[in-house]
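Below are some numbered remarks for a colleague who is meeting this structure for the first time. Please keep the sequence and the structure in view while reading them.

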Amino acid sequence: MRVVLEIAGWLLLLQGAGGVINTLFGWWSWAHDLLLVNKLSILSGYEVFASIFLGVLGAALLAATSAAKKREA
């Protein structure tokens, strides 16, 4: 279960960072359709905030899995 949460954390962190970079700088035009915030039409106009939220959520998941690893050891 911990491995699944860690993978989800990395994916969310990458989605968040990629979304912020793509929205602010327009880089990665080839990856526009790969980003979660661009797939959801309800987030139109809020891409930066949604990407920041995804990044923070991913970092929180990674911190939680790291704490769980330390507690088990």
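1. Alanine 68 is found in helix 3, where a helix is a DSSP run of H or I of at least four residues, a strand is a run of E of at least two, and both are numbered from the N terminus. With a relative accessible area of 23%, alanine 68 is partly exposed; buried means under 20% relative accessible area, exposed over 50% and partly exposed in between, using a 1.4 Å probe and protein chains only. Between the C-alpha atoms of alanine 68 and serine 51, which are 17 residues apart along the chain, the separation is 26 Å.

2. A word on the basis of these remarks: this is a predicted model, in which local features need pLDDT of at least 70 and side-chain atom pairs count only at pLDDT 80 or more, while totals for chains, interfaces and linings use all residues. Residues are numbered from 1 along each chain as its sequence is written, and side-chain values use heavy atoms, with hydrogens and water left out.

3. As for the overall architecture, the protein chain has 3 helices and 0 strands, and the pattern read along the sequence is α-α-α. The C-alpha trace spans about 45 × 20 × 20 Å along its principal axes, and 22% of the 73 residues count as buried. Among contacts (heavy atoms within 4.5 Å) with a separation of 6 or more, residues 24 or more positions apart account for 60%.

4. How do helix 1 and helix 3 pack, and at what angle? Helix 1 covers residues 2-25 and helix 3 covers residues 47-72, and the two pack at an angle of about 155° with their axes 7 Å apart; the axes are lines fitted to C-alpha atoms, for helices over the stretch in contact, and the angles run from 0 to 180 degrees between N-to-C directions. Helix 1 and helix 3 are therefore roughly antiparallel to each other, given that angles over 145 degrees count as roughly antiparallel, under 35 as roughly parallel, 65 to 115 as roughly perpendicular and the rest as oblique.

5. The crossing of helix 1 and helix 3 is left-handed, a term used if the near helix is turned anticlockwise from the far one by less than a right angle, with right-handed used if clockwise. The residues of the contact of helix 1 with helix 3 comprise 15 nonpolar, 9 polar and 5 charged ones; here Ala, Val, Leu, Ile, Met, Phe, Trp, Tyr, Cys and Pro count as nonpolar, Asp, Glu, Lys and Arg as charged, and the others, Gly among them, as polar.

6. There are 2 salt bridges in the structure, a salt bridge being a side-chain nitrogen of Lys or Arg within 4 Å of a carboxyl oxygen of Asp or Glu. Arginine 2 pairs with glutamate 72 in a salt bridge whose closest N and O atoms are 2.5 Å apart. This pair links distant parts of the chain, since arginine 2 lies in helix 1 and glutamate 72 in helix 3, 70 residues apart. Arginine 2 counts as partly exposed at 32% relative accessibility, whereas glutamate 72, with a relative accessible area of 61%, is exposed.

7. A salt bridge also joins the side chains of glutamate 6 and lysine 69, at 3.2 Å from N to O. Glutamate 6 is in helix 1 and lysine 69 in helix 3, so this pair ties together parts that are 63 residues apart in sequence. Glutamate 6 counts as partly exposed at 23% relative accessibility, and lysine 69 counts as partly exposed at 38%.

8. Threonine 65 lies in helix 3 and counts as buried, at 4% relative accessibility. Leaving aside neighbours within four places in sequence, threonine 65 is in contact with Arg2, Leu5 and Glu6.

9. Glycine 18 has its place in helix 1 and counts as buried at 2% relative accessibility; not counting residues up to four places away in sequence, glycine 18 touches Trp28 and Leu35. Asparagine 22 also lies in helix 1 and is buried, with a relative accessible area of 10%; with residues up to four places away again left out, its contacts are Trp27, Trp28, Ser29, His32, Leu35 and Asn38.

10. Is tryptophan 30 buried or exposed? Tryptophan 30, which lies in the loop between helix 1 and helix 2 (36-39), is exposed, with a relative accessible area of 65%.
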